[in-house]
Amino acid sequence: MSGTHSRHASRAPRAVTVALPIGVLFTAVASLATLGGPLATPAAETELPAPAAALALPHVEVAESRAANPCGDDAVRTALKDGDDDAVVAAFGGGEAFRAAVSVGNAPCISLADPDRTWVVVNKRRPLRPTEFVPDALTPVSLRSTTPSDRLRPEAAQALADMADAARDAGAGTLGINNGYRSYGVQQLTYSSHVRAQGQDGADAGSARPGYSEHQTGLAIDVIACGSGCSGLDAFGATTQGGWVAEHAWEHGFIVRYEHGERTTTGYMPEPWHLRYLGPELAAAYHHGGFRTLEEFFGLPAASDYAP
Ligand SMILES: [Zn+2]
């Protein structure tokens with residue numbers, strides 16, 4: 001995928017910038033040691049390079065970080081205070097700039113653990129905090145729903161409605177929903193019903209434990225294909241709607257959160273129906289960067305299983 005190349009390309013220049021001063025420093029130190037005369041040479045030449053490299057690397061990283069820390073920017077501060085997540089990302093310089101700053105630890109004002117933000121990351125190693133978090137605002141989604149869990153945060157609900165219109169206009173059929181926001185209490189019931197049906201290992205492969213579900217953020221939605229009736233979740237990936245969503249969800253601010261072949265990172269079997277709202281800028285950066293997991297996108301450790 002082209003994205004793999006662009007990711008590497010975007011990282012390469014940074015590595016060169018860091019490596020160059022170390023090389024220069026090392027050469028300078030080695031030269032000085034040599035000039036110091038025969039007595040100093042043997043020990044100095046063998047011992048100096050390691051400490052010089054070890055000390056120089058963090059030093060250069062810190063200097064670079066301070067110079068570019070976007071959190072000091074007035075526009076970023078104002079947007080954060082206003083709770084305007086799209087404006088925060090824009091003030092960083094767009095989705096890729098935001099991702100890059102956060103993933104190298106260069107954005108201390110951004111918390112990927114803040115469940116009020118569209119960039120929150122919830123997985124088997126990152127429970128919601130507080131565990132019984134409830135979003136400030138939830139609104140019913142305008143699509144047909146096969147369960148009572150039909151609410152999302154307003155920005156995600158609007159984006160989903162727009163996406164369903166676009167799918168219909170493209171001739172990809174009608175989208176419906178199965179599950180949007182689920183509270184901690186509802187997740188307890190959902191997870192325990194999976195445990196009863198499949199045992200704990202089976203349940204953990206496809207259902208989050210209470211307090212660990214993206215659905216509790218109000219930013220995740222399970223979509224289904226509807227015609228005269230609606231199909232179930234498992235059928236979605238093979239439908240016209242499923243193919244369209246895989247290709248176009250990012251254009252509406254969503255990503256397919258649990259892709260095929262990524263269980264060792266996400267902890268879940270593929271779920272082509274489970275969409276996560278990230279906002280238009282971050283979803284575009286995710287798509288154009290060729291990312292397949294949110295963990296990789298933000299440089300986080302894999303979360304294949306719960307902590308022992
Ligand atoms: Zn889901």
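User: Which strands does helix α7 lie across?
Analyst: Helix α7, residues 154-169, lies across β3, β4, β5 and β6. It runs at about 145° to β3. Axes here are lines fitted to C-alpha atoms, for helices over the stretch in contact, and angles run from 0 to 180 degrees between N-to-C directions. Contact means that the C-beta atoms of two residues, placed from the backbone, lie within 7 Å. Helices (H or I, at least four residues) and strands (E, at least two) are DSSP runs, numbered from the N terminus.

User: Quick check on the source. What kind of model is this?
Analyst: It is a predicted model: local features need pLDDT of at least 70, side-chain atom pairs count only at pLDDT 80 or more, and totals for chains, interfaces and linings use all residues. Residues are numbered from 1 along each chain as its sequence is written.

User: Back to the strands. In what order do they sit in the sheet?
Analyst: The order is β3-β4-β6-β5, in an open sheet of four strands with antiparallel pairing. β3 and β5 (254-258) stand at the edges with a single partner strand each, so one side of each has no neighbour in the sheet. Neighbouring strands are turned by 50° against each other on average, direction ignored. Two strands count as paired if DSSP finds at least two bridges between them.

User: How many bridges hold β3 and β4 together?
Analyst: Five, in the antiparallel sense. β3 covers residues 174-179. Gly176 has Ile224 of β4 as its bridge partner. Leu175 is bridged to Ala225, also in β4.

User: And on the β6 side, how many bridges join it to β4?
Analyst: Three, and the two strands run antiparallel. β6 spans residues 271-277.

User: How many residues of β4 are buried?
Analyst: Seven of its seven, across residues 220-226. Buried means 20 or more other C-beta atoms within 10 Å of the residue's own; 12 or fewer is exposed, anything in between is partly exposed, and C-beta atoms are placed from the backbone.

User: Which residues of β4 point which way?
Analyst: Ala220, Asp222, Ile224 and Cys226 point one way. Ile221, Val223 and Ala225 point the other way. Both sets are buried. In a regular strand the side chains alternate between the two faces of the sheet.

User: Why is β3 described as largely enclosed?
Analyst: Because five of its six residues are buried.

User: New topic. Where is Gly242 found?
Analyst: In helix α9, residues 240-248. Gly242 counts as buried because it has 22 C-beta neighbours inside 10 Å. Leaving out residues up to four places away in sequence, Gly242 touches Ala225, Phe236, Gly237 and Pro272. Its C-alpha atom is 8.8 Å from that of Ala172, 70 residues apart along the chain.

User: Now helix pairs. At what angle do α4 and α5 pack?
Analyst: About 170°, with the axes 8 Å apart. That makes α4 and α5 roughly antiparallel. The angle classes are under 35 degrees roughly parallel, over 145 roughly antiparallel, 65 to 115 roughly perpendicular, and the rest oblique. α4 is residues 74-82 and α5 is 85-92.

User: Which residues meet there?
Analyst: Ala75, Val76, Ala79 and Leu80 of α4 meet Ala87, Val88, Ala91 and Phe92 of α5. By class, that contact has eight nonpolar, no polar and no charged residues. Nonpolar covers Ala, Val, Leu, Ile, Met, Phe, Trp, Tyr, Cys and Pro; charged covers Asp, Glu, Lys and Arg; the others, Gly among them, are polar.

User: What about α6 and α11, how do they cross?
Analyst: At roughly 80°, with axes coming within 7 Å. They are therefore roughly perpendicular. Gly95, Glu96, Phe98 and Arg99 in α6 meet Glu281, Leu282, Ala284 and Ala285 in α11. This contact divides into four nonpolar, one polar and three charged residues.

User: Which peptide bond is cis?
Analyst: The one from Arg129 to Pro130, with omega near 0°. Pro130 sits in the loop between α6 (95-103) and β1 (139-140).

User: Last one. How many helices and strands does the chain have?
Analyst: It has 12 helices and six strands. Of its 308 residues, 35% count as buried.
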